[in-house]
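Subject: Structure handover

Hello,

Here is the structure for you to look over. My notes come after it.

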Amino acid sequence: MEELTLSEVARRLAEVKAAVDEGVDFDNAFTVAAFFSDFEDTNRVIPGIERDVDEDPEKAVEVSQEILTLVDTINGLDLSAWQSADYQQIFEEYIKAWRDRWEA
């Protein structure tokens, strides 16, 4: 993963919020999973964020507030559909057309 800026973190988090709002399907589940995969190791994000703070502390605070707002919004959403989704079935439905072509 490349070094990320605070703005990039905010953009990706906004994508997660939009995906959660849209509902559970393969593309939205992939967006959420990719975010968590990319940010699993928070130590890899720190250098880019430190650079942002050094270059423009006021903007860093502004974007940090945006990130906090997004996190609060996501935490306030009803995630029951996401918690009970059958992700294996979603995957199987997603690849069915390609599998059918391959097997033909």
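The notes below go from the overall fold to single residues.

First, the ground rules. This is a predicted model, where local features need pLDDT of at least 70, side-chain atom pairs count only at pLDDT 80 or more, and totals for chains, interfaces and linings use all residues. Residues are numbered from 1 along each chain as its sequence is written, and side-chain values use heavy atoms, with hydrogens and water left out.

Overall fold

The chain has six helices and zero strands. In sequence order the pattern is α-α-α-α-α-α. Helices (H or I, at least four residues) and strands (E, at least two) are DSSP runs, numbered from the N terminus.

The C-alpha trace spans about 55 × 30 × 20 Å along its principal axes.

Of the contacts with a separation of 6 or more, 79% join residues 24 or more positions apart. A contact means heavy atoms within 4.5 Å.

Surface and charge

Buried residues are 24% of the 104 in the chain. Buried means under 20% relative accessible area, exposed means over 50%, and partly exposed lies in between (1.4 Å probe, protein chains only).

The chain exposes about 7300 Å², with 53% of that supplied by carbon and sulfur atoms. Areas come from the Shrake-Rupley method with a 1.4 Å probe; for residues, only the protein chains shown count as cover.

There are 9 positive and 26 negative charges, and their mean positions are 7 Å apart. Lys and Arg count as positive, Asp and Glu as negative; His and the chain ends are not counted. Each charge is placed at NZ of Lys, CZ of Arg, CG of Asp or CD of Glu.

Aromatic rings

The whole structure holds six aromatic pairs. Rings of Phe, Tyr and Trp (its six-membered ring) pair if their centres lie within 6.5 Å; planes under 30 degrees apart count as stacked, over 60 as edge-to-face and the rest as tilted.

One of the pairs is phenylalanine 26 with phenylalanine 91. Their ring centres are 6.4 Å apart and the planes meet at 40°, so the pair is tilted. It links distant parts of the chain: phenylalanine 26 sits in helix α2 (residues 26–38) and phenylalanine 91 in helix α6 (residues 87–103), 65 residues apart. Phenylalanine 26 is partly exposed at 22% relative accessibility. Phenylalanine 91 is partly exposed too, at 35%.

Phenylalanine 35 and phenylalanine 39 make another tilted pair, 4.5 Å centre to centre with 40° between the planes. Both of these residues are buried.

Ring pairs also join Phe26, Phe30, Phe91, Tyr94 and Trp98 into a cluster. Phenylalanine 30 belongs to helix α2. At 52% relative accessibility, phenylalanine 30 is exposed. Its C-alpha atom is 12 Å from that of tryptophan 82, which lies 52 residues away along the chain.

A buried arginine

Arginine 12 is in helix α1 (residues 6–22). Its relative accessible area is 12%, so arginine 12 counts as buried. Leaving out residues up to four places away in sequence, arginine 12 touches Ala34, Phe35, Asp38 and Phe39. Two of those names, Phe35 and Phe39, are the partners in the 4.5 Å ring pair.

Other positions

Alanine 81 is in helix α5 (residues 80–84). It is partly exposed at 45% relative accessibility. Alanine 81 and valine 24 are 57 residues apart in sequence, yet 7.1 Å apart C-alpha to C-alpha.

Alanine 33 is in helix α2. Its relative accessible area is 44%, so alanine 33 is partly exposed.

Aspartate 72 lies in helix α4 (residues 57–75). With a relative accessible area of 57%, aspartate 72 is exposed. Its C-alpha atom is 23 Å from that of arginine 44, 28 residues apart along the chain.

Best wishes
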